[in-house]
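Here is a short report on the links between side chains in one protein chain. Keep the structure in view as you read.

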Amino acid sequence: MAVLLLAFSLIISFFSQTTLGLANHTCEDLTIIGGHTVSIEDVPYIAALFENDTFSCGGSIIHERFVLTAAHCITANISLKVLVGSDMLSTDGVFIDVEQELCHEEYDPFEMINDICLLKLSEPVPFDCKVVKIALADDNLEIEDGDMVNVTGWGNIKIYGVQYPNDLRQVSVPVVSDECCRYIYPEFSDGMICAGSRGHDSCQGDSGGPLTYGKVQVGVVSYGNGCAVVAGVYTKVSNYLPWINATIESNL
């Protein structure tokens, strides 16, 4: 009985203090709830992924020829390009074709394990004040439960209903403990990180976008249940840094 009461108490505490929420295992399921507009000069590493000329997901510039995103954002037999250097989907910026999709070899779309992908661009990004690569977290970066992190994207901004913005948005959310996250997502693994609070979350359309701590990317928007209802799951960048570096090196 004591164990059951403790478990129940932890769940109630989790729902009362946190609740992020990304979408259910599809690119269209993930947007910024409870956030604010942000300028490209503040987040020059952001990228927008377009499938057949339609916006679909977010991403981040990590190399002059590579954008980091989520594996579940990639669909077979589509034309892909990325937009960099703009905080608006309809104006400014530079479009670059995707030459190759390099998703993790052991990506599991059912358990959402290894939900990470590199997009090799057909030409280098034009680095300037609006186009800058972001540093990636390694094992030396320590993040505590409750630390505030930022998630950025062009996703849905409505908890109920749908409204996709044209302008880039960002929201700050707290990191949620692995213990609490496992109550919601039994498949939660070491390669994942949870973050979110009630009314503040990423949502449909934010998939593949960056979760940042200061000027370092710590996560990639992956999946969740609802928007701003329960904590959402992000692919943990530090766990995949060796894979990222090896994949880039072997495909330059």
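## The C57–C73 disulfide

C57 and C73 are joined by a disulfide, with an S to S distance of 2.2 Å. The model is a predicted one. The torsion about this S-S bond is about -95°, so the disulfide of C57 and C73 is left-handed.

Where do the two cysteines sit? C57 is in strand β3, while C73 is in the loop between β4 and β5. The pair therefore ties together parts that are 16 residues apart in sequence. Both C57 and C73 are buried.

## Two further disulfides

The count of disulfides comes to three. One of them is formed by C103 and C117, whose sulfur atoms are 2.3 Å apart. The link of C103 and C117 is left-handed, with -80° about the S-S bond. C103 belongs to strand β6 and C117 to strand β7, so this pair ties together parts that are 14 residues apart in sequence.

Is C117 buried or exposed? C117 counts as buried, because its relative accessibility is 0%. C103 has 26% relative accessibility and counts as partly exposed.

C181 and C194 form a disulfide as well, with sulfur atoms 1.7 Å apart. C181 lies in helix α2 (residues 178–184), and C194 lies in strand β11 (residues 192–195). This pair therefore ties together parts that are 13 residues apart in sequence. C181 is buried, and C194 is too.

## A cysteine without a disulfide

C180 is in no disulfide. Which cysteine sulfur is nearest to C180? It is that of C181, 8.5 Å away. A disulfide needs sulfur atoms within 2.5 Å. C180 counts as buried, at 15% relative accessibility.

Now turn to charge. Side chains of opposite charge can pair when their charged atoms come close. How many salt bridges does a search of the whole structure find? The search finds four.

K81 lies in strand β5 (residues 80–84). D53 lies in the loop between β2 (46–51) and β3 (54–63). The pair therefore ties together parts that are 28 residues apart in sequence.

K81 is partly exposed, with a relative accessible area of 21%. D53 is exposed, with a relative accessible area of 57%.

## A network around E99

Which residues are linked in a network of salt bridges? They are R65, E99 and K120.

Take E99 and R65 to begin with. Their side chains meet in a salt bridge, at 3.4 Å from N to O. E99 is in strand β6 (residues 94–103), and R65 is in the loop between β3 and β4 (66–69). The pair links distant parts of the chain, 34 residues apart.

E99 also meets K120 in a salt bridge, at 3.5 Å from N to O. K120 is in strand β7 (residues 117–121), and E99 is in strand β6. This pair links distant parts of the chain too, 21 residues apart.

E99 counts as partly exposed, at 45% relative accessibility. R65 is buried, with a relative accessible area of 19%. Buried means under 20%. K120 is buried as well, with a relative accessible area of 10%.

Terms used. Residues numbered from 1 in each chain as written. Predicted model: local features only at pLDDT ≥ 70, side-chain atom pairs only at ≥ 80, totals over all residues. Heavy atoms only, no water. Helix = DSSP H or I, 4+ residues; strand = E, 2+ residues; numbered from the N terminus. Buried < 20%, exposed > 50% of the residue type's maximum accessible area, 1.4 Å probe, protein only.
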